[in-house]
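Student: I have just opened this one and would like to go through it slowly. Could you walk me through a few of its contacts?

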Amino acid sequence: MSKKAFDVNRQTWNEKVKVHAESDMYDLKAFKKGKSSLMPYELNAIGDVQGKSLLHLQCHFGQDTLSWSRMGANCVGVDLSDEGIGLAKTLNSELELNASFVRCNVLETSTYVNDIFDIVFTSYGVIGWLPDLKPWAQMIAERLKPGGFFYIVEFHPIVWMFDYEQDPPTMRYGYMQDEVIYEEYEGTYANTKSKMISKEYGWNHGLSEVINSLIEAGLQIEYLNEYDESPYNVLPDLERTKSGMYVSKDKLYPLLFEIKAIKP
């Protein structure tokens with residue numbers, strides 16, 4: 001199943017890249033003029049990257065990778081999508097930056113990337129594409145220098161328990177569901193009016209699975225934080241706050257979590 005799922009997801013993300021590159025959400029025009037795509041969570045957690053090496057996992061078409069590069073990091077971005085990596089390389093050349101990009105399944109990163117890094121980074125909608133987090137965490141540990149750290153900011157597992165094709169969304173999927181979830185729908189989170197058909201295989205992972213996979217890989221958890229807000233307006237009926245974040249009307253459950261882990 002995993003190979004078929006990855007192949008279908010890869011095809012979907014190749015189509016998404018074309019839609020996202022034209023979307024207001026990704027605002028490529030402003031990005032090219034110097035606007036950073038990074039959000040307060042990752043900026044606060046990672047801090048000064050000048051002169052540091054950074055591996056960005058599941059980098060889409062490279063905006064965050066290139067934003068770190070603009071801040072002085074030596075970056076490598078990895079993604080499953082051919083179109084994503086192609087556009088990332090084009091942007092890197094156009095903006096005269098020095099990032100490099102690799103097209104591969106994130107679980108196979110160590111096969112294609114031999115360097116070790118000060119920082120491994122991933123964010124917002126990443127682990128749900130992976131059937132098993134143990135090889136993911138092991139790869140992260142392999143790619144970190146001793147004393148280096150891994151940072152993830154991600155949508156909370158509770159968010160993925162809902163079927164958003166229903167109105168209102170209904171709780172349908174298990175918090176720690178082992179079975180793969182297949183969804184097929186029109187549009188994409190960055191352009192809900194697009195006519196593209198998103199065909200997606202995904203997996204739900206509870207926080208204990210995320211944390212234990214990192215611990216088993218030999219990393220030391222520095223912190224886990226949960227937040228009832230999101231920097232992206234990608235769920236139904238979110239309301240914007242004065243700080244520019246988005247919250248659900250009732251704030252009954254968290255929308256994000258972040259983890260920082262150190263390689264001893």
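Student: Which residue forms a salt bridge with lysine 32?

Tutor: Lysine 32 pairs with glutamate 94, and their closest N and O atoms are 3.4 Å apart; a salt bridge here is a side-chain nitrogen of Lys or Arg within 4 Å of a carboxyl oxygen of Asp or Glu. This pair links distant parts of the chain, since glutamate 94 is in helix α5 and lysine 32 in helix α2 (residues 28-32), 62 residues apart. Helices (H or I, at least four residues) and strands (E, at least two) are DSSP runs, numbered from the N terminus.

Student: What should I know about the model itself?

Tutor: It is a predicted model, in which local features need pLDDT of at least 70 and side-chain atom pairs count only at pLDDT 80 or more, while totals for chains, interfaces and linings use all residues. Residues are numbered from 1 along each chain as its sequence is written, and side-chain values use heavy atoms, with hydrogens and water left out.

Student: How many salt bridges are there?

Tutor: The count comes to 11 salt bridges. One of them joins the side chains of arginine 10 and aspartate 82, at 2.6 Å from N to O. Arginine 10 lies in helix α1 (residues 2-20) and aspartate 82 in helix α5 (residues 82-94), so this pair ties together parts that are 72 residues apart in sequence.

Student: And aspartate 163, is that buried or exposed?

Tutor: Aspartate 163 is buried, at 3% relative accessibility, where buried means under 20% relative accessible area, exposed over 50%, and partly exposed in between (1.4 Å probe, protein chains only). Aspartate 163 forms a salt bridge with arginine 172, the closest N and O atoms being 2.8 Å apart, and arginine 172 is exposed, with a relative accessible area of 55%.

Student: Switching topic, where is histidine 205 found?

Tutor: Histidine 205 is in the loop between β9 (197-202) and α8 (207-216), and histidine 205 counts as buried because its relative accessible area is 6%.

Student: What does its side chain contact?

Tutor: The side chain of histidine 205 makes a polar contact of 3.0 Å with the side chain of glutamate 209. A polar contact is a pair of N or O atoms within 3.5 Å; within protein, one must be able to donate a hydrogen and the other to accept it, and residues adjacent in sequence count only if both atoms are side-chain atoms. The histidine 205 side chain also reaches the backbone oxygen of isoleucine 127, at 3.3 Å.
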